[in-house]
Amino acid sequence: MWLRAARYWGYQYKRTWRSSVVTSFLIPVLYLAAMGVALGSLIDKHSHGVDGVTYVAFLAPGLLAGTCMQIGTNDATYPVMGAIKWVRTYFAQLAGPLSVYDVLLGHLAWIAARLAIVSTIYLSVMAIFGVIYSPWAILALPAAVLTGMAFAGPVSAFAATQDKDSSFSTLYRFAIIPMFLFSGTFFPVSQLPTWLEIVAYCLPLYHGVSLCRDLTLGQVSWADLGHVAYLSALGAAGYAAGRRTFAKRLLV
Amino acid sequence: MGAPDAGAASPMVEARGLVKRFGDFVAVDGVDFSIAKGESFGFLGPNGAGKTSTMRMISCISPLSGGTLSVLGMDPSKDGPRIRARMGLVPQEDSLDLELTVLDNLMIYGRYFDMPKKVIRERADQLLDFAQLTERAHDRVDPLSGGMKRRLTIARALISDPDLLILDEPTTGLDPQARHLLWDRLYRLKQEGVTLVITTHYMDEAEQLCDRLVVMDKGRFAAEGTPRELIEKYSTKEVVELRFAPGQHEAVAPSLTKLAERQEVLPDRILLYTDDGDAAVVEVARMGHLPRATLVRRSTLEDVFLRLTGRSLVD
C-alpha cells in the first residue's frame, strides 16, 4: 500500500530528475575540488593529512553524510508541509484506499530512494577522486541513506505539527547548519574543546559522518555498530512520532 | 448496528447518534440517517451546520466522537482503506496536483487504487470525455478554470468506478454554465446506479440532484424528506411576493396577515405563503393596496431552507 504513495513522489521526480541528478553530481565535484583538493593540499603539506589519510579522503565521506542530512531534512520539511497545506497531496492519497501510515511510509520511502540516488552519485564522484580506500565502501551507500533517514523521520514528524514554514528556517539555523559544521565533517571532533567534543559525540550527524568515513576508508570497527544503532533508533523514533503527528494532523 | 429489515437491501451508509466534537464545539450533534443503494442523498445547511464534518466521517478520514456509523457494511474506524477503495471522494477543496497535467493527475490517482496503467489509461480517456476535458488532457492543471478543475476532481474520484460517490459542495464557486454541466454529469451517474451523497447550500442543486435530503442546522437535522415532501411540510404551494413603495411595508403588512398561512416582511418585499397565490393577489387589490410589483411563484426548497435555518447570516 505505502508503495502506491511512494509512486506519486516518483512521478513528481520524473519531471525534475535531470536537473536533480546534475546537481547531485556537480555539488560533490565542486566541493571535493575546492575544499578537498585545493584547500586539502595546504592541510596535507602542513600536517601530513588528517588521521593518516589525505584531507580530501577525510572530507569526502563527511560531506556525503552531511549532504544526506540536508536532503533528509529538506525533503521532510517543505514537501511535507506542501502535501498538507499547499498541494494537499496527502488528502488526495487519503481519499483512496491508503491509510495515514501508508501515506507517511510512502513519503519516507521516497526520501530514502532519493537519498540512495544522490549517495550513489556521490560515491561515484568519490571513486573518481580516488578516495574510496576499501570494498567496505559499498556499505557506505546504505549508511548514507540511514544517516539521511535518521533526520527525515523525526523532521517529518515535526513538520506535520507546523502551521508555518518559518520554523523550518529556525531548524536550519540552530540545528542543521551547526551540526553540519561541528560533527567531524570538516575536521576531527578531537580538535574541539573537550566539552564541545562531548556535545559532538551526542549529535546524530557525528555518527553518520563516522560511519561513512570508517566504511570508505576501510577503518571498520565495532564502534560502527553503535553508530548504526544510534541512527536506526533515531529514524525509528521519528517514524513512530510521525505516525502520531500525521494521524493527528490529517485525521480530524 | 441493528439487524436490517427483512428483505430490504442493506444500506450504503447508516448512522445512529452520530457525533463529532472539536474540543468543546459540537459540530455534529447526534444524527441518524440511512442512505440506500442507488439513492442520491443531500445534506443541506448553512455554513458551519456540520455538513462537511458528517461527510468527512462518512469518508473515513475523520474519527467519530460518538454514535455508530457503517459505510458499505463496514466500520470506518477499522476498515477505512477498504471502504475508501470502493468510494469516490470529491472534497470541498480540490487536491489536484497543479504542476502535473490533467492526464497525469488521473494516472497517479488510479495508481493509488493499484489499477494497472493500461486500465487507468482507458478509463481516463472515458472520464476526460465525460468531464469534457479531452482537449486539455496534456495541459497542466494550474491554468485551468475553476469549473474545469472541479470537473477534473470529479473525474478523478470516478477513476476507480466507485459504488459510492461523496461530493462536498461540488459546484460552489462555479459559473452557471459550469454548474449545469456538472449537474448533467452527476445526473448521468445517478442513472447508472451510483449512490451519490452531496452537500450543498444551493437549493436548486438539491432540487435537481437529490432524491432525499436533510436540512442541517447547528449540528442537527432540522428536517428530512424528499424535496417535494419538505416543500409540502414546511412551506405552502405558492408564494406571493409584493413590493410596495419604500416605507409602506410596515403599514401594509398587518392588513395582509389574514390572506396567507404565513407572512414574512422583508426590507424590500412582503412574502405571503399561501396555497392559492392568484386568489391572494385579487384580495390584495380588493383591499385597495397597489403594490409596485407582484409575483406569484411556486414554493421552492429555498423557502423551506430559510424558514428552517433563518435569514440571519451565519458564518
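In this predicted model, strand β1 (residues 13-22) of chain B is joined by eight bridges to β2(B), and the two strands run antiparallel. Chain B contains eleven helices and 13 strands, and it is divided into domain 1 (13-225) and domain 2 (236-298). Chain B also touches chain A, in a contact that takes 18 residues from chain A and 20 residues from chain B.

- Strand β8 (residues 212-217) and strand β9 (residues 220-225) of chain B run antiparallel and are joined by five bridges.
- One of the residue pairs is V215(B) with its bridge partner A223(B) in β9(B).
- The two strands form a hairpin with two residues between them, and K218(B) in the turn has a positive phi of about 50 degrees.

**The four-stranded sheet of chain B**

- A further open sheet has four strands in the order β11-β12-β10-β13 (chain B), again with antiparallel pairing.
- Its edge strands, β11 (262-265) and β13 (293-298) of chain B, each pair on one side only.
- From one strand to the next, the twist averages 15 degrees.
- β11(B) pairs with strand β12 (residues 270-274) of chain B in the antiparallel sense over four bridges, and L272(B) in β12(B) is the bridge partner of Q263(B).
- Helix α10 (residues 277-286) of chain B packs on the sheet, where it touches β10 (238-243), β12 and β13 of chain B. Its direction makes about 30 degrees with that of β10(B).

**Overall form of chain B**

- The C-alpha trace of chain B spans about 75 × 50 × 40 Å along its principal axes.
- The centres of domain 1 and domain 2 of chain B, taken over C-alpha atoms, are separated by 41 Å.
- Of the 315 residues of chain B, 42% count as buried.
- Among contacts in chain B with a separation of 6 or more, 69% are between residues 24 or more positions apart.

**Nonpolar cores**

- The largest nonpolar core has 141 residues, of which I166(B) and V197(B) touch the most other members.
- Helix α2 (residues 55-86) of chain A gives the most to this core, with 16 residues.
- Leaving aside residues up to four places away in sequence, I166(B) touches M55(B), I58(B), S59(B), M87(B), G88(B), L89(B), V90(B) and V197(B).
- A second, separate core of ten residues includes V239(B), V240(B), A260(B) and Y273(B).

**The side of chain A that touches chain B**

- On this side, α1 (2-47) and α3 (89-94) of chain A each supply at least two residues.
- The largest share, five residues, comes from α3(A).
- By class, the residues on this side divide into eleven nonpolar, four polar and three charged.

Key. Residues numbered from 1 in each chain as written. Chains lettered and ligands numbered in written order. Predicted model: local features only at pLDDT ≥ 70, side-chain atom pairs only at ≥ 80, totals over all residues. Contact = placed C-beta atoms within 7 Å. Nonpolar A, V, L, I, M, F, W, Y, C, P; charged D, E, K, R; others polar. Domains from an automatic or database assignment. Pairing = 2+ DSSP bridges. Axes fitted to C-alpha atoms, helices over the stretch in contact; angles between N-to-C directions. Buried ≥ 20, exposed ≤ 12 C-beta atoms within 10 Å, placed from the backbone. Core = buried A, V, L, I, M, F, W, Y, C linked by C-beta atoms within 7 Å.
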